[in-house]
Amino acid sequence: MAKVIKIGHVAKFKTSNGEEAEMINFSLADKSGAILATCTDTSKDRMIKEGKTLHIREFILKNGRVAMSHKTKVLAKPNMDIPVDILQKAEHLILPPSPIKKVEEILASPLRSITTVQGQLSKIESTKTVKVNGTDTVIRTISIEENGKKIDVTLWRKMAEEDLKIGQYLSISHCMLNEWQLHKSLNTTRNSKIQIIQPLTTTVRGNIDSITLNDIAVEIALKEDSKEEYKDFSVDLAIIKSVFPDTLQVRVEDLENYLLQKLPILVELIVQGSNVQNMHLIEQPAGCMDYDAEQ
């Protein structure tokens, strides 16, 4: 006697006779423990419902799983209470924990680790079709960037057809870490979910070498340390004035020229998306001189 705790995916396969077949994956538990189970007899699907207690006979114990077929007898039983710790274990057999990790932590994790990655979408490749067990399967590879680190994520099946855009911030759960030709990347699994999230707060270090001023902010182009590409950020005027107190004495119409005299500026920024939350000077800016509005 056991209780159905969590139902997983339905796998499609071909029998030895070449016929199409399905196999449902789920977890069972009683007061002594939890175990994975499969069933290839679709007529029993109506009995395999989460929370239902079953009397199961004539099954095979295969590779640590309960394997049910057309020969298996399944009958309903009165509800059985399951201890909380065993209930959680049974749920994790189907839906393992997916802790949120920084990209740097993911790259240092053991292969086949399950994790949730969060960051900004920086690259989207075209979809392509690969063969999986003889079936055409759609995939797409994207890149997620977080705090200056990047990792490729291969999206599988329906997730590969999601309408995604460069610059979006994503959270992708239940990804598995793999390695191919010394390159580590993530693959989505059947349990993966993708969500658009608010921009993350990250730290960026580099040189500001060009700016433009508007009524409420300074738009800056920053070249990150050891990188060729530039990133654009918006810095509120209040932050600029706190970092450069002498700007309080500069007329608004002269402020852009005043700041240009100080470029390039090596800074560390705390950013959320493209907005700067805080700025710290790493070195004394070049060309730091008394500003003369008459120059």
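Reply: Gladly! Let's start with accessibility: buried means under 20% relative accessible area, exposed means over 50%, and partly exposed is in between, using a 1.4 Å probe and protein chains only. This is a predicted model, in which local features need pLDDT of at least 70 and side-chain atom pairs count only at pLDDT 80 or more, while totals for chains, interfaces and linings use all residues. Residues are numbered from 1 along each chain as its sequence is written, and side-chain values use heavy atoms, leaving out hydrogens and water.

Me: Why is Glu146 called buried?

Reply: Glu146 has a relative accessible area of 7%.

Me: What makes Lys102 and Glu146 a salt bridge?

Reply: A salt bridge needs a side-chain nitrogen of Lys or Arg within 4 Å of a carboxyl oxygen of Asp or Glu. In the pair Lys102 and Glu146, the closest N and O atoms are 3.8 Å apart, so the pair qualifies. Lys102 lies in the loop between β8 (100–101) and α2 (103–107), and Glu146 in strand β11 (residues 135–146), so the pair ties together parts that are 44 residues apart in sequence. Helices (H or I, at least four residues) and strands (E, at least two) are DSSP runs, numbered from the N terminus.

Me: Why does Lys102 count as partly exposed?

Reply: The relative accessibility of Lys102 is 47%.

Me: What makes a group of residues a nonpolar core?

Reply: A nonpolar core is a set of buried Ala, Val, Leu, Ile, Met, Phe, Trp, Tyr and Cys residues joined through side-chain atoms within 4.5 Å. The largest one here has 24 residues, and among those touching the most other members are Ile208, Phe233 and Leu269. Strands β16 (201–213) and β17 (217–224) are among the elements that each supply at least two residues of this core. A second, separate core has 18 residues, including Val153 and Leu170.

Me: How do you know that Leu269 touches Phe233?

Reply: Contact means heavy atoms within 4.5 Å. Phe233 is one of the residues that Leu269 touches, not counting residues up to four places away in sequence, so the two have heavy atoms within that distance.
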